[in-house]
Amino acid sequence: MSFAHKRRASGRGLLIGQTASSSNTINEDDYRHQTCPAMDGGDETDNRYAAIMSAIAATEQQELERCNERNRCSAPADETTLDHKFDRLLTEVHGLRDQIGDRIETLNRRLTQTNRLFLAHQDYGQRSNRAGDLLLIGVPATVQGEGLRECYVRIARRLGYTESEIPIVHIRRLELGSASASDAKPARYSVAVLDNLARTRGGSKLRTDAAVQPPAVHVQFVFRNARNEFYRRYQEGGRAGTGLALRDLGYDGPDGRVFVSENLTRGNVSLKAEAMRLKRDGKIKSVFTVNGQIYVKRTVDHRPELVTSSVDLLLLDGTKLKANK
């Protein structure tokens, strides 16, 4: 058989010399029968998908119910938490208020200390300016001009100075109401503020009226050491409390006395007056000044105590201290 003949035979579906088996042929019924199982498998897939979706829906419903139940149970807890937070906020506010109060109290203490330091430095400056000054109290008003210098010389002689040892000073009488005197120096000293002024030599109290006391005589020494020596001799001579009698100084007239006092600041003048009142009431033994500061002694055996404020005097006065309790 030629090659062309074979080609025509294959084109006619193997009609010539067909050798293939008939089992390899497929008809319509066989095709339908083979495709039906595949369609049955699709229904099963749909049923499985529906079951999965139902299970997911049921799970979501259960989760939703569980969330709702948890929200219903946690509502009171949230209210309790809110109350707890509010209480904690109140506690923090109260703590902050206490801290602010403590801070303000600390600032007040520091301000008080600063004020005391300022007053102490101010007092020190004023005392330094007066460190070379002394005041003569009780010099008769009739003594003026050169008579004041003569009175000073007589006092110096009375204290044991020779003519060549008398310190050089500038001396003047303070004028009442003058601006220069009132700015830095007290115009008038009462008997109540004089050094240890309580008794005369005979033991009787002085009756000099402060209202008729003449203005003090201001004595300014050229050298501070000379001033200190002059005041030391006056105190050691036992005249700090009794003064110098005018008759002993060579002045005729009524029985009067001249006292030598430091030139105190206005604040220390008031403190000394209060201390002298305590002395007259028998609360303290003595009052004296050193370098412009006030010192007191409770008894003869007690050490001198520095007085810088009225509080110190209040502590010395046991009666007032008990009354304030």
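Predicted model: local features only at pLDDT ≥ 70, side-chain atom pairs only at ≥ 80, totals over all residues.
Residues are numbered from 1 along each chain as its sequence is written, and side-chain values use heavy atoms, with hydrogens and water left out.

**Whole protein.** Show the surface. Its accessible area is about 22000 Å², and 53% of that belongs to carbon and sulfur atoms; the areas come from the Shrake-Rupley method with a 1.4 Å probe, and for residues only the protein chains shown count as cover. Of the 325 residues, 28% are buried (under 20% relative accessible area; exposed is over 50%, partly exposed in between; 1.4 Å probe, protein chains only).

**Helix H2.** Select residues 28–129, then Tyr49 within that helix. Tyr49 is exposed, at 54% relative accessible area. Together with Ile52, Met53 and Ile56, Tyr49 forms a nonpolar surface patch of about 400 Å² accessible area. Such a patch joins nonpolar side chains (Val, Leu, Ile, Met, Phe, Trp, Tyr) within 5 Å, from residues with over 30% relative accessible area and no salt bridge (a side-chain nitrogen of Lys or Arg within 4 Å of a carboxyl oxygen of Asp or Glu).

**Helix H5.** Move to residues 224–236. Show Arg227, Phe230, Tyr231 and Tyr234, the buried residues of H5. They lie on the same side of H5, because their arc around the axis is only 90 degrees, taken from the directions from the helix axis to the C-beta atoms. Asn225 and Glu236 are exposed on the face turned away from the buried side. Among the elements covering the buried residues are helix H3 (146–158) and strands E1 (133–137) and E3 (217–221).

**Helix H6.** Select residues 266–280. The 15 residues of H6 should span 21 Å, and the end C-alpha atoms are 21 Å apart. Its buried residues include Asn268, Leu271, Lys272 and Met276. Gly282, which follows H6, has a positive phi near 80 degrees.

**Asn291.** Finish in the loop between E6 and strand E7 (293–297), where Asn291 lies. Asn291 is not a glycine, yet its phi is positive, about 55 degrees. Its relative accessibility of 40% makes Asn291 partly exposed.

Methods
Helix = DSSP H or I, 4+ residues; strand = E, 2+ residues; numbered from the N terminus. Contact = heavy atoms within 4.5 Å. Patch = residues over 30% accessible without salt bridge, like charges linked within 9 Å, V, L, I, M, F, W, Y side chains within 5 Å. Expected span 1.5 Å × (residues − 1).
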